[in-house]
Amino acid sequence: MSTSIATETQQQQQKQQDSNPTLKLRGHDNLNAQGQEEYRYSHLLPVFTADTYPPLTPFEHVDPGARALSHSDPRAFLGNATSVVEITPNLGTEVRGVNLRDLDSEGRDQLALEVARRGLMVFRDQQDFIDAGPDFYLQWGRHFGRLHIHPTSGHPQNYPELHLVYRDANSTFNFERSDSITSTSWHSDVSYERQPPGLTTFFLLSSPSTGGDTLFTSQVSTLKKLSPQFIAFLKTLKAVHSGVEQADFSRSGRRGATVRREPVEHIHPLVRKHPVTGEEALYVNRQFTKRIVGLKREESNTLLNFLYDHIDKSGDLQARLKWAPYTVALWDNRVTAHSAIVDYGESKERRHGARITPQAERPVPALDGLSLDD
Ligand SMILES: [Fe+2]
């Protein structure tokens, strides 16, 4: 049995537009036989099926960025760019003039390496890529690793590998808490998995006229701000990351109310090493990290809260992505954290995004020999 939220959402959306004819949402640009606007990306609206999935199995990840290391010019894929701008010194590059859809296998390898080095890359004017459709998205993502299937989020009908974010005037299918003074929630995606994602691609199909930006931070830089003695201590530690709270959120009836794979918890090092660049990065996040293994509860809470505060406060290490139509962002989930900004709810506009999420290696401890067992 499967429940289609998409149909219900379309009906709700249409009702809302009917009651407010001045409301124009981006992405509404086709007329149907009745002369009504149809949502251009309605085939990518979220559904929440009653399917269940078995636990994920371990696999060997071969990082495509490693192949680019031996290339004579690992940045050759940017050769046609009309503009390459560093968003901040620590994090992020914005590119114009490169059509991602045209990148061949070698170009995609180079892209993976550059994203690993810069943490975040933003490509503007990518209508070709976005309009290439879901089969292309899967083919694109599989170049970078085995595609993750999210246990609770909505996905387009028949494409469970595509994780969707979705909010409109009537509904939200995001992992959003309404009992906080802020929507800021720093995290690395699904860090509770044994092999969390690496090179991640995300784009918006429909966006509010203003608002809904995304915050990013460099976890390489947050680590570097700490003293050598403190970093040496952090490298000896590992923490439990848990998907239980996210599953409970759905089980409480929110976000489509489905849990298709039982939640898992895994232990990861507090400081991980990128397998290609060798860079070390802080790997804790307020959303999924629960406790530090072996420390007393108060010690663990104090240390984690200090690190979360450091990540929250360090505006000098962050970048803020303002979306525009046909923008595609790629980040390396191993060395960055990000947060949605839900500041557009009053406008009742639709925000609809899709994520392509290849898994990567089990996090490699920066401290050689650190055991990841309990
Ligand atoms: Fe995320």
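Modeller: Happy to! pLDDT is the predictor's confidence in each residue, on a scale from 0 to 100. This is a predicted model, and its chain averages a pLDDT of 90, with 88% of the residues scoring at least 70. Residues 1-28 are another matter: pLDDT stays under 50 there, although the model has 44 contacts beyond four places in sequence for this stretch. Where pLDDT is low, the predicted coordinates should not be read in detail.

The part I would pick is the open sheet of three strands, in the order β16-β10-β18 with antiparallel pairing. The edges are taken by β16 (318-321) and β18 (336-340); each has a single partner strand, so one side of each is left without a neighbour in the sheet. From one strand to the next, the twist averages 20 degrees. Strands of a sheet pair through backbone hydrogen bonds, either parallel or antiparallel. Here β10, residues 214-218, pairs with β16 in the antiparallel sense over four bridges. If you want a place to start on screen, find T217, which stands opposite Q318 in β16.

Have a look at its backbone: phi of Y326 is near 70 degrees, a positive value in a residue other than glycine. Most residues other than glycine have a negative phi, and most peptide bonds are trans. With 17 other C-beta atoms within 10 Å, Y326 is partly exposed. V190 also has a positive phi without being a glycine, near 35 degrees. V190 sits in the loop between β8 and β9 (199-206). This residue is buried, because 23 other C-beta atoms lie within 10 Å and the cut-off for burial is 20.

L162 belongs to β8, residues 162-167, and is buried, with 23 other C-beta atoms within 10 Å. Leaving out residues up to four places away in sequence, L162 touches P134, Y137, H155, P156, A354 and I356. L162 and L44 are 118 residues apart in sequence, yet 9.2 Å apart in space from C-alpha to C-alpha.

Now for the wider setting. The chain holds nine helices and 19 strands, and 44% of its 374 residues are buried. Of the contacts between residues at least 6 apart in sequence, 81% join residues at least 24 apart. The largest nonpolar core has 62 residues, and those with the most contacts inside it include V328 and A329, along with L282. In soluble globular proteins, nonpolar side chains tend to be buried together.

In α8, residues 244-251, the buried residues include Q246, A247 and S250. These three cover an arc of only 100 degrees around the axis, which puts them on the same side of α8. An α-helix has 3.6 residues a turn, so residues three or four places apart point the same way.

Key: Residues numbered from 1 in each chain as written. Predicted model: local features only at pLDDT ≥ 70, side-chain atom pairs only at ≥ 80, totals over all residues. Helix = DSSP H or I, 4+ residues; strand = E, 2+ residues; numbered from the N terminus. Buried ≥ 20, exposed ≤ 12 C-beta atoms within 10 Å, placed from the backbone. Contact = placed C-beta atoms within 7 Å. Arc of directions from axis to C-beta. Pairing = 2+ DSSP bridges. Axes fitted to C-alpha atoms, helices over the stretch in contact; angles between N-to-C directions. Core = buried A, V, L, I, M, F, W, Y, C linked by C-beta atoms within 7 Å.
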